[in-house]
Amino acid sequence: METLLQSCPIFTAKAPVRLGVDRQLSLSSFAVNKQRSCNVKLRAISRSSQDGSSSIEDIRKDGVLLGADTDESGSVVGFRLIPQSGDIDVSNSHDTITNGKEELIVDDDSVQTTSAEVTYNIVFVTSEAAPYSKTGGLGDVCGSLPIALAERGHRVMVVSPRYLNGGPADKKFAGAVDLDCRIKVSCSGGVQEVAFFHEYRAGVDWVFVDHPSYHRPGNPYGDAYGAFGDNQFRFTLLCHAACEAPLVLPLGGFTYGQNCLFLANDWHAGLVPVLLAAKYRPYGVYKDARSLVVIHNLAHQGVEPASTYSNFGLPPEWYGALGWVFPTWARTHALDTGEAVNILKGALVTADRILTVSEGYSWEITTPEGGNGLNELLTSRKIVVNGITNGIDLTEWNPSCDAHIPSHYSLEDLSGKIECKIALQKELGLPVRPDCPLIGFIGRLDYQKGIDIILSGTPDLLQDDVQFVMLGSGEKQYEDWMRATEATFKDKFRGWVGFNVPISHRITAGCDILLMPSRFEPCGLNQLYAMRYGTVPVVHATGGLGDTVKTFNPFADEGRGEGTGWAFKPLTRESMLDALRVAIETYRKHKSSWRGLMKRGMERDSSWNNAAVQYEQVFKWAFIDPPYVS
């Protein structure tokens, strides 16, 4: 453990202080901050504001209170307080902050209030974050939720790798600047040097960990030949760097300090809770921090041979936290002991709370069918397991201003949806029939998404007077089936092999029904997009699909009906076809009920702000209990 620098008390107040016009710094989440040694000059980074003013410009070595920065109107916009010694005493009654030498009184009326009752220093650790890197829902969550939390007054940092593959995607990191901070990470039998890049955007500190292992062609996890063989090493580096970032990076003039709330997303960030417990807290660092692990897909756990444990840079006595034994049936041969290390298991053991991306999925992972071998561990910790449904980007997915669709419409005026349907039929070469039910599917062509159920049910479905369009790529057998089905049902079926963002928007807007027969779906986004666009979802009642799609009941609410679609179970060909036929019949014969379904779906609050409020409740619970200790 490196020698800590001198204690640097940071003040606490109820409301955030403005650092420049466009920079909120939440003080309520600051605590005593001991900064680590790092070959970087400990300096405040000047951040220009919209009116040309800047935030904190220097740090005095004598450690006295330098006073308050004010703008032209005399309002307080920042403070400079770097005491060398002395304890901070905070009086909540008058918001008085003192270090024994100087006293500063913060007037609640002179600083901007926040929407959140309590604000935190939040550190997201993730393998991807849109728009910088994205392969699926994880990138969407870690690109949107931090912004929503920042808008509510929290100080938020997102730590992810700086992927460079030599292509156009590298331009996404053009706004990130080198912080001139290098740290040494001991792992994998050696010492690695990593750098930090930073971009302040949308109220969030986007921090990118830089190392040569992140510079290669392909996506964040692999290339055309499969997954990268050193992914364990690459994401071990990420976790070590993420734990150091709040201590060594003076973003906006202040480090985040030790009193942080870490959100470790999936197995790639799963070592963060383990490192806090094994490497930091025994030495008095991060003793008041908390960690949450967010499970986006339990099927991926970061399992490697037991012999790789030494690569993590953890004390030998912590092997038990990550130790894992495969069941007999999963072993490769008779002499295989099945011993392995499981990064996600270590996170579930040491995290203070566990979150999933829907309430239904939080229950499913405690069952043998959905637990992927971790159900017993999750059941033992179910008191700290919660589920929060993801939000969606209401700016990108907005039928009233979507640039990808031919006609705009809204809850008040749905006439543009028919025009979108006609345009889609023309674009795909289907007969233009506004009265014909148009069913859509968007997603990967694989077993998880229930493509085999669609394959077995489509011939019967297309005997009815309907049209069906599918967009996706995946297993070759399903891609070939889509091509063959289109040749057989030329006037009823279209299959688009591949993925195209504008087309996905036009299918979402132009279809009447969206089909999602997934075997499991931690959250699911397409059903949320569909409801936002007045397209009625028919889904398998699993995970987030069952949480978000409520089956239509025409007799509820004094005959006005309730529900936003149809959620069927079990997952069989017959159940899927039955639900689709009820939906088709409702579309044809009960127009007023169908309009009610559309409008209730469009009225649903799928905003990230709604999700952020629920996350804040879990944050409060995390700080009620003491942090994990071995």
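This is a tour of selections in a predicted model, with a note on what each one shows.

**Whole chain**

The protein has 630 residues, of which 56% count as buried. Its secondary structure comprises 16 helices and 29 strands. Among contacts with a separation of 6 or more, 69% are between residues 24 or more positions apart.

**Stop 1: Tyr 120 and Phe 623**

Aromatic pairs come next. A pair of aromatic rings is described by the distance of the centres and the angle of the planes. The whole structure holds 21 aromatic pairs. Select Tyr 120 and Phe 623, which form a stacked pair with 5.2 Å centre to centre and 15° between the planes. These residues are 503 apart and link distant parts of the chain: Tyr 120 lies in the loop between β9 (103-105) and β10 (121-125), and Phe 623 in helix α16 (residues 608-624).

Together with Tyr 120 and Phe 623 they form one aromatic cluster.

**Stop 2: Trp 397 and Tyr 529**

Select Trp 397 and Tyr 529. This aromatic pair is also stacked, at 3.8 Å centre to centre and 10° between the planes. It links distant parts of the chain, with 132 residues separating the partners. Trp 397 is in the loop between β23 (385-387) and α8 (415-428), whereas Tyr 529 is in helix α12 (residues 526-532). Both Trp 397 and Tyr 529 are buried.

**Stop 3: charges over rings**

Show the side chains of Arg 155 and Tyr 256. Arg 155 lies over the face of Tyr 256, 4.0 Å from the ring centre. Then go to Tyr 587 and Lys 591. Here the charged end of Lys 591 sits over the ring of Tyr 587, at 4.0 Å from its centre.

**Stop 4: a three-stranded sheet**

Strands of a sheet pair through backbone hydrogen bonds, either parallel or antiparallel. Select β19, β20 and β21. What is the order of the three strands in the open sheet? The order is β19-β21-β20, with antiparallel pairing. β19 (303-305) and β20 (323-325) are the edge strands, each pairing on one side only. From one strand to the next the twist averages 45°.

Zoom in on β19 and β21 (residues 339-342), where the antiparallel pairing runs over three bridges. Glu 304 stands opposite Val 341, a residue of β21.

**Stop 5: backbone exceptions**

Most residues other than glycine have a negative phi, and most peptide bonds are trans.

- Ala 130 and Pro 131 are joined by a cis peptide bond, with omega about 5°. Pro 131 is in the loop between β10 and α1 (137-151).
- Lys 569 and Pro 570 are also joined by a cis peptide bond, with omega about 5°. Pro 570 is in the loop between β29 (566-568) and α14 (573-589).
- Asp 180 has a positive phi, near 60°. This residue is in strand β12 (residues 177-187). Its relative accessibility is 45%, so Asp 180 counts as partly exposed.
- Ser 188 has a positive phi, near 55°, and is found in the loop between β12 and β13 (190-201). With a relative accessible area of 29%, Ser 188 is partly exposed.

**Stop 6: helix α9**

Finish at helix α9 (residues 451-461). An α-helix has 3.6 residues a turn, so residues three or four places apart point the same way. Colour the buried residues of α9: Ile 451, Ile 453, Ile 454, Gly 457, Thr 458 and Leu 461. Why do the buried residues of α9 line one face of the helix? Viewed down the axis of α9, they fall within an arc of 130°, so they line one face.

Last, show what that face meets. The buried residues of α9 pack against β24 (438-442), β25 (467-472), α10 (476-488), β27 (513-516) and α14.

Notes: Residues numbered from 1 in each chain as written. Predicted model: local features only at pLDDT ≥ 70, side-chain atom pairs only at ≥ 80, totals over all residues. Heavy atoms only, no water. Phe/Tyr/Trp six-rings, centres within 6.5 Å; stacked < 30°, edge-to-face > 60°. Helix = DSSP H or I, 4+ residues; strand = E, 2+ residues; numbered from the N terminus. Buried < 20%, exposed > 50% of the residue type's maximum accessible area, 1.4 Å probe, protein only. Lys NZ or Arg CZ within 6 Å of the ring centre and 35° of its normal. Pairing = 2+ DSSP bridges. Axes fitted to C-alpha atoms, helices over the stretch in contact; angles between N-to-C directions. Arc of directions from axis to C-beta. Contact = heavy atoms within 4.5 Å.
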